[in-house]
Amino acid sequence: MSEQLLVDIGLLTLVTALAIAAIEVRSLFGAAMLAGVYSLVMALEWTTLHAIDVAFTEAAVGAGISTVLLIGALVHVGRDEKKPRRRVDLRGLVVVGITGAFLVYGTLDMPAFGDPQAPVHTHRAVRLVEQQVGKLPGGPGERHAAVENAADTAFEPTSVVGSDPLDLVDDFAGHVPNMVTSVLATYRGYDTMFETVVILIAGMSMMLLLQRRRKDVR
Amino acid sequence: MKEQLVLRVVAKCLIPPILIFGCYIITHGELSPGGGFQGGIVLASAFILHALIHGRATLHQAFPRNLWATIATIGALIFAGVGTYSLLRGGQFLDYGWIVPSHPAKGEPWGMTLVEYGVGLTVCSVMVLIYDMISEPAEDDPTVDEDSA
Amino acid sequence: MIDQAPVLLVVVPLLAGICCLFLRGQLLPWIWAQITTLAVLGIAIHLLFRVLNEGAVTYAMGNWPQEWGISYKIDAINIFVVLIVAFIGCVTTCYARQSIASEIPRDRHHQFYSMWLLALVGLLGITVTNDVFNIYVLLEVSSLTIYTLVAMGKTRDKRALTAAIRYVIIGSVGASFILVGIGYLLMVTGTLNLEDMARAIAALPEPERNRTVVVAFAFLFVGLSVKMALWPVHMWLPNAYGAAPSAVSALIAATATKVGIYMAVRFLFTVFGPDFTFLSLSTTVGQFTFSCSGILLTCACLGVLVTGIQAMQQRELKWILAYSSVGQIGYMVIGLALVNHAGLTGGIVHLLNHALIKGGLFMAAGCVVFRLGSQRLEDLAGLSKRMPITAAAILVGGLGLIGFPLTAGFISKWYLVSGAFEAGLWPVAAVLLTGSLFALIYVWRVVEVMYFTAPPENAVKVREAPLSMLICTWILVGGSVVLGVFAQPTVALAEHAANQALTGHAQILGLRPGASGDDPVVHDEVVP
Amino acid sequence: MSLFATHANYWFAILIMMIGLYGIIAKRNLIKQAIALGIFQTGIFLFYVSMAVINGGTVPVWFLDEAGKKYAGPYDNPLPHCLMLTAIVVSVSVFAVAIAIIVNIKHAYGTIEEDEILNLEAEAAAGSEA
């Protein structure tokens, strides 16, 4: 058993315990606090899995904004949950048990954790990591490329060798060391645009649903 | 909470560094972890901290609610606008290369930076709006007057 | 010059929806939304002709090759759905002006129409995209806007709020299931592009024995069922449709679940392929054989019957229509699950026919609510005298629901029944006819109250609904009659789409040549 | 044991998802359901992030090694990280909308317990019939 695995299992046990506590605790205020701590520990786990950007976001969102939201909501709705009729919901346990078992069954054919030969690492991601995808023909660089080299340049990187210390040839005439940003903002920039739109929609929904009406309007 | 001297002093010391840190995260997102989204939340936290300590009315004096809504909209428009710009120049949507057509690979970092700022603006203002809205008293609450609108 | 139409289809309403937040007042946002939806309809028609003439249209975002970036691909299946969404969006926007003015506070209209346009962005975006994760993101764009739009019914009916929160919880669980399915697929294929994924799955040794693929399939299946409100995971639908503002009911009843069905077609037929979905994936336990089409047919048939009975028990017009919607979704799913040309044609053409009929009926119900302020059956007494044009619209739309000859509903049922016989499944055909019988009963309940009951003595005098609302209602209801009489063009389009669905997977794998198969650029072998 | 060592991360992700799903099904309090939905979704994020790990890999940010050259790798896969950034944003948006609706429900019905709301609605339906 590797050290990585031990750390993982330790953190994950903690996360699981926090998740159960956040759901089972009767006081909603306690649940909000536990959910915040849960997010923080989860961010820690993601740091050990090398997902720094995700951890950063989770810490900011889960422990920051979500907690602010929850506490703001508790001012309106009161801080205690009604006493449930039963401690344990059997129907829920059965559904969850079946779903979970099915999901675990699905993992059995997956590549091992951290396997460098997994398709997700070898199929399409290689060029994303190298930042050497290259654009389709028809871009603005076409004219220059056509002058310099009459051959098909579709998959030649459109950049030139830069004078930067890393001395790289990539899609960005230089480099974007944070690969997550490069994937997020360029190759999958279209998704990110809709991510921004989703956030905007959330803000507008809050305004539509919660803003007090001014007295002079109806 | 206006009487809490310690809180006010600490907040006063903290808010400027938080703002600078937020801008740093947005701008530096290509080189190190971070980006528009994370930076936007950090920026928003400065404003939320201010509003928590000095009250929402103080925040509204400097930045009225409609301003936040407008900034959020502008942020999303920046992102969509960068895409549309390349479209208007005759390229594909979101092809940042068209920002510097003579040297397309140099246009990419420009596009990324612009886009990250768009995301940052939207996220920051929406997060402040969310805080603002959730602290809004109920519509039929008679104990509150209309100053916050 | 690159043809930008595919991306404009989504970007025009997106930009317009964002800019709509800058407008103020009541009229201006509506005019803005109306112009936008007209433009979208124009782009959709342009794309239709391009697809008919040239085959599939592709578009690469940011000019990145589609395996790494995000791309659009419009073929015979999605252009059909795009047309439905664009057309219904255009007509409902026209209808919305007076209906919404009476239901939403005056100072929120710019935000409301912004949400409205962004909902269309989500629905159109899901339909044209060729990227799995993009589907998820756009699904959430459309869901979030629709949750909010439904909750805006709170000023008229506070049940809209509980309907909305139930929709949020169930819809998000459904979307999360889809996300799990995408994750499992990404794990074994390493790609997010739909076609690339189809090739990667087919390249696996015995994909139907790969447990990860099977579980991914099941989770996508359940998630999509939630999104298209297949019985028994339709619980979010009736209250959401019933309590939402009238224009919103019409919009989402006619488009949202249709896009859900489209996604199911995309995943079942294009990503996994009809052979995998309907042939390889059956297991025999004891004397029972479980297969995908068996499960789909059982759910759909039970849905048709159960919701037919539930619709008979409802006391409010919009709830009757909502339960009937779940049953009608059952018809479309039966069409998919028959996996033959006639059945699939029937299912696909029913997407359009049901969108027209149900959109028109919800609009007529909205007219009733607009004037009477109520939609309870007993308040509808004598409606034929008080609002004759609206009552006639409900009557004609109801005939379409039953599948009466000369209405569009008849055309789709005809194809579905013949598909069922072709597959040798006479019980399914019997269910289809029983469903029509149930529809006859619940439509009759409404018609009886409207036409054969005298209005109560103390009934308030009401005028006919405003002209703009009536015209839009009759465009849809009349359209369903016109498409019942002159069914040739839509059936031809649906047959085209059914062909594409049945052969598309083989084309992607290169087993079968086709105009709309692979795009000309194949870049796997180039390594820089 | 070997299967545990290679798949434990996935299983923990599934465990967390299921805790969230159980909360959604079992809890009648709407705020609790919203929190549980968040936990369910973080479970999915954990699954994706686990997918991105490569043995011996490092943070997906290019850096210079001792020799002043670009460190050759392996780097962890940035694609799932990027997808999860988007998904986290989506999940917080859903959470915000859910909370907004719940607050509205509290003001309209006076409670956020699902069974009490159902009772109130049943009473309202019965009342309007009489």
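## Chain A: burial and overall pattern

In chain A, 51% of the 218 residues count as buried; a residue is buried if 20 or more other C-beta atoms lie within 10 Å of its own, exposed if 12 or fewer, and partly exposed in between, with C-beta atoms placed from the backbone. The chain has nine helices and zero strands, and along the sequence these give the pattern α-α-α-α-α-α-α-α-α. Helices (H or I, at least four residues) and strands (E, at least two) are DSSP runs numbered from the N terminus. Of the contacts in chain A between residues at least 6 apart in sequence, 44% join residues at least 24 apart; two residues are in contact if their C-beta atoms, placed from the backbone, lie within 7 Å.

This is a predicted model, in which local features need pLDDT of at least 70 and side-chain atom pairs count only at pLDDT 80 or more, while totals for chains, interfaces and linings use all residues. Residues are numbered from 1 along each chain as its sequence is written, and chains are lettered from A and ligands numbered from 1 in the order in which they are written.

## Helices α2 and α3 of chain A

The axes of α2(A) and α3(A) come within 8 Å and cross at roughly 175°. Axes here are lines fitted to C-alpha atoms, for helices over the stretch in contact, with angles running from 0 to 180 degrees between N-to-C directions. The crossing makes α2(A) roughly antiparallel to α3(A); angles under 35 degrees count as roughly parallel, over 145 as roughly antiparallel, 65 to 115 as roughly perpendicular and the rest as oblique. By class, the contact has 16 nonpolar, six polar and one charged residues. Ala, Val, Leu, Ile, Met, Phe, Trp, Tyr, Cys and Pro count as nonpolar, Asp, Glu, Lys and Arg as charged, and the others, Gly among them, as polar.

A:S39 is buried, with 25 other C-beta atoms within 10 Å. Beyond its neighbours within four places in sequence, A:S39 is in contact with A:E58, A:A59, A:G62, A:A63 and A:S66. A:H76 lies 37 residues from A:S39 in sequence, and their C-alpha atoms are 23 Å apart. In the loop between α2 and α3 of chain A stands A:H50, a residue other than glycine whose phi is positive, near 70°. A:H50 counts as buried, with 21 C-beta neighbours inside 10 Å.

## The contact of chain A with chain D

Between these chains, 75 residues of chain A are in contact with 71 residues of chain D. On the side of chain A, the elements that give two or more residues include α1 (3-24), α2 (28-48), α3 (52-77) and α4 (90-107). The largest share, 12 residues, comes from α3(A). By class, this side of chain A has 51 nonpolar, 15 polar and nine charged residues.

## Chain D

Helix α1 of chain D covers residues 2-26; its 25 residues should span 36 Å at 1.5 Å a residue, and the end C-alpha atoms are 34 Å apart, which agrees. The expected span is 1.5 Å times one less than the number of residues. α1(D) bends by about 60° at D:A8, the bend being the angle between axes fitted to the seven residues ending there and the seven starting there.

D:L118 lies in helix α4 (residues 114-129) of chain D and is exposed, with 12 other C-beta atoms within 10 Å.

## Chain C

The axes of α3(C) (residues 76-101) and α4(C) come within 9 Å and cross at roughly 170°; the two helices are therefore roughly antiparallel to each other. The residues of their contact divide into nine nonpolar, three polar and no charged. α4(C) has 20 residues and reaches 29 Å from its first C-alpha to its last, close to the expected 28 Å. Since 20 of its 20 residues are buried, α4(C) is largely enclosed by the rest of the structure.

Chain C also touches chain A, with 49 residues of chain C in contact with 45 of chain A. The largest share of the side of chain C, 10 residues, comes from α5(C). In the loop between α8 and α9 (237-243) of chain C lies C:P232, and the peptide bond from C:W231 to C:P232 is cis, with omega near 5°.
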